[in-house]
Amino acid sequence: MVRPLTWLFLLVISLPIQLTFAQEVIFSSVPGQDQLLVQKNVMIPAPDGVRLATDIYFPAENGKPVQEGLAVLLQRTPYGKTSERFQEAIRLFAARGYIVAIQDLRGRYDSEGIFTKYNPLEASDGAATVEWLSKLPAGNGKVAMWGTSYGAHTQADASKLDPKGLSAMVLNMGGMTNAWDHAVRQGGAFELGRELTWAFRQIPAEIDDPVVEAHFKKETIEDWYAAWPFRRGLNPLSIAPNFEDYILEELTHADYDDYWKATGINWIEYYDQTADVPMVHIGGWYDIFLRGTIQNFMELRKRQTAPKFLIIGPWTHSGNERTYAGDVDFGPESAISDFQTSYQVDWFDYFFKDKKADRLPKAPVQLFVMGTGDGSKNEAGRLNHGGYWLETDTWPLENALETTYYFHAEGSLNGTPPAAENAHTTYTFDPANPVPTLGGSVSARVKDGAFNQRERPDFAGSKPPYLPLKSRADVVVFQTDPLPEDMQVIGPINIKLYCSSTGVDTDFTVKLVDVYPPSEHFPEGFEMNLTDGIARMSYRNGRTTRDLIEPNEIYEVDIHPFPTANVFKKGHRIRVDISSSNFPRWDVNPNTGEPLGQNRRMLKVDNTIYHSPQFPSHITLPLVPMR
C-alpha cells in the first residue's frame, strides 16, 4: 500500500520542474577559496509550495564553475546552513570534485514555513530537493546525502520516498527506526533528558531575540526538572508554541498508533519503499540512536541489493573524532580524527569513483570492542579502558554463545539457577527521589558516555555526600565473583525479570556494569556503565497500548538494553543494577496510573524482584571467544 504522503510526492514530482536558478541566482566567490563558487539562498520549492533555502557550492577553475558532470553531496539541517560546522567539509568535498548543497529545514533560518521537530513533511521536502538537485546542469544526475544526528534523520526521511537521483547515504548517529521504541520514548518511558534539553538549546535560535537568548542562558533546563511534567502555557517552552506543541505531544501520546508511524519518526513502516542505494550506518555504543542504527542496517540489508555497511565505535552522540566517552578513554585507534571531512568523502569516492581507501572496512560490519586497556589513569584523568576494531560479515556475530547468568538472593550473579524457594528482593521506589543519571546513551546537555557510577555535583539530581549508586536502598545489585579469565561480550543483551509492585504502574530500570577492582590509580575501583534499559510496566514486553498492572501480581518482563561490545578482564566483575528510575534520562513514573505526562500526584510503591526456582530472573549475555 502506498501511503497518502507518498501519493502527494509522486504527484508533485511528476510535474515538470523548471530549473530557473541560473537566471535567479548569481555565482559569488567564497572568501579565501579561489577554486570554489557558491549560489546563496537558492529557494527550492517543496511540494506544498514552501521554499527551502539552499546554498550550493561548485568547484571552480579560473573563476568559473566546473561544468563536467559532478555528483551532488547534500545535507539538510536545522542548525543553519552557514554554520561553521559545515565549512571545512564543504571546502574538502568540492576540492575532491563534488557539488555541495546545504539546506535549511523548513521553518529554520532562511527557509519558509514553520518548524516542528521530526516533521513528517521533511520526507517530501527532502525528496523534492534531491529531485531538483539531480537536474543541475553541472551535475551528473546523482545526489548523495550525508550528515550526523538530525542530518541523518533527513537522509532517512528523503529515502522513504525513493526520489529519482538519490544514489548513496552516509548516516551518522541517526535515522531512527521507530521513535516510540528509542530516541523519543523507550520501553514506554519518555526520553526526557534528550528531548527537553534539545528544545531548550534550540529556542534561542528559533526566536532570534537577544532577550530570549539571555533568558535561556540564565534559566536552564536543570532548574525546571523539578517542575516536570510541564503544563501547557505554564513553562519556558511556551514562548515558542511550535516547540511546546511537539514536546507535549511526544510526552502525552503514549500508545503506538498512527502518530508514531509518520515518516519523520518511523522507518520500520517504510522499509519496503526505501531507495535501494549504498548506505553506511554509523553508530556509537553510547549513542541514543544505536538500536535504530543496527536495525536499519539489518532490515535494509535483508530487503535490498545495494551494499550496506555498519560501523559502531565507542562513541557518544557525534563523538566519532574523540578517543573518549565521558570519563573513559579507548585509545588513539578508537577515534576517526577526520570523520566529519575526509573520512566521509572517502565513502563517496568509493561509491561514485570506485576508489576504496585502505582504511574503509573490508567487511560489512566493523565494531570497536571495548575493554582491552590496562585500567590506568591518563593525563586527562580518564580511565584507560582500551579496545580494538573487529570486522565481520554478520550482526549478531555467528560465534556468539547466548549464556545465562542468574540473580541470587545474596546479590550474586552466576550460571547456576537459583535454588532458594520464594527468594525475592523488595525495595521502596519514591518517585520524588529518583536515581540520578550517570552517563549512558543520552546526548544533549545530559552527560553521556561511560562514568564511574558514583554521584557527583556536576550530574543533575546528585546529592551530597555523593555516594556510589550501589549504596542506595532502591538500587539492587547482582554481581559475579572476580572473573578467573577475560570474558568477551559482543551483541544484544536481554534481561528477564520476574517482578511485582504494590502500585498500578511503575518502572524497572537495568544497567550492565564492568566493575574494576581497586588499583593504584583508582583506589576504590571503577564501576563503568556499559548499557542500560527501562520497562514501564503498563507497556511491558513491548505492548503498544497502555495496560495497568494488578498490585502484587508477579509479571514476567523482558528488558532490552542497547547492545554492547566489551571485554570484562580477569579480576573484574560483571554487575547488573536494577532500580525503578534513571533521571533525567527518562521521565519518572509517578506510580499513580494517571495519564502519562499529565500526573499531579506521586506515590511511593514497593517493587519486588524474584529470584527463585519458580521465578528465575536473569541476564543473557552473548559470549564470544577471545581472539
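Buried area is taken here as the accessible area, computed with a 1.4 Å probe, that two parts lose on being put together, summed over both. The structure is a predicted model, in which local features need pLDDT of at least 70 and side-chain atom pairs count only at pLDDT 80 or more, whereas totals for chains, interfaces and linings use all residues. Residues are numbered from 1 along each chain as its sequence is written, and side-chain values use heavy atoms, with hydrogens and water left out.

The domain assignment of the protein gives domain 1 (28–180 + 271–321 + 337–346), domain 2 (189–253) and domain 3 (401–624), such bounds coming from an automatic or database domain assignment. The centres of domain 1 and domain 3, taken over C-alpha atoms, are separated by 38 Å. To the contact between these two domains, domain 1 brings 10 residues and domain 3 brings 21 residues, contact being defined as heavy atoms within 4.5 Å. About 1200 Å² is buried between domain 1 and domain 3, and carbon and sulfur atoms give 63% of this area. On the side of domain 1, W285, Y286 and R291 supply 53% of the area that this domain buries against domain 3, more than any other three residues.

The elements that give two or more residues to the side of domain 1 touching domain 3 are β11 (279–286) and α10 (290–303), and α10 gives the most, with 3 residues. Helices (H or I, at least four residues) and strands (E, at least two) are DSSP runs, numbered from the N terminus. By class, this side of domain 1 has 6 nonpolar, 2 polar and 2 charged residues, with Ala, Val, Leu, Ile, Met, Phe, Trp, Tyr, Cys and Pro counted as nonpolar, Asp, Glu, Lys and Arg as charged, and the others, Gly among them, as polar.

Within strand β28 (residues 573–579) lies R575, which is buried at a relative accessible area of 1%; buried means under 20% relative accessible area, exposed over 50%, and partly exposed in between (1.4 Å probe, protein chains only). The side chain of R575 makes a polar contact with the side chain of E527 at 3.4 Å. Residues touched by R575, when those up to four places away in sequence are not counted, include Q453, K470, F478, K511 and E527.

Over the whole structure, 44 salt bridges are found. One of them joins R108 and E206, with the closest N and O atoms 2.8 Å apart. This pair links distant parts of the chain, 98 residues apart, with R108 in the loop between β6 (99–104) and α4 (121–133) and E206 in helix α6 (residues 192–207). R108 is buried, with a relative accessible area of 1%, whereas E206 counts as partly exposed at 22%. A further salt bridge, 2.9 Å from N to O, is made by the side chains of R359 and D346; R359 lies in the loop between α11 (339–353) and β15 (365–370), and D346 lies in helix α11, 13 residues apart. R359 is partly exposed, with a relative accessible area of 36%, while D346 counts as buried at 10%. Salt bridges that share partners join R96, D338, D346, D349, K353 and R359 into one network.

Backbone geometry was also examined. Most residues other than glycine have a negative phi, and most peptide bonds are trans. The peptide bond from W228 to P229 is cis, with omega near 5°, and P229 is placed in the loop between α8 (221–224) and α9 (241–252). A cis peptide bond also joins W395 and P396, with omega about -10°, P396 lying in the loop between β17 (387–392) and β18 (401–407). N62, although not a glycine, has a positive phi of about 55° and counts as exposed at 76% relative accessibility. Phi of Y118 is likewise positive, near 60°, and Y118 is buried, with a relative accessible area of 5%.

Key
Polar contact = N/O pair within 3.5 Å; in protein donor to acceptor, adjacent residues only side chain to side chain. Salt bridge = Lys/Arg side-chain N within 4 Å of Asp/Glu carboxyl O.
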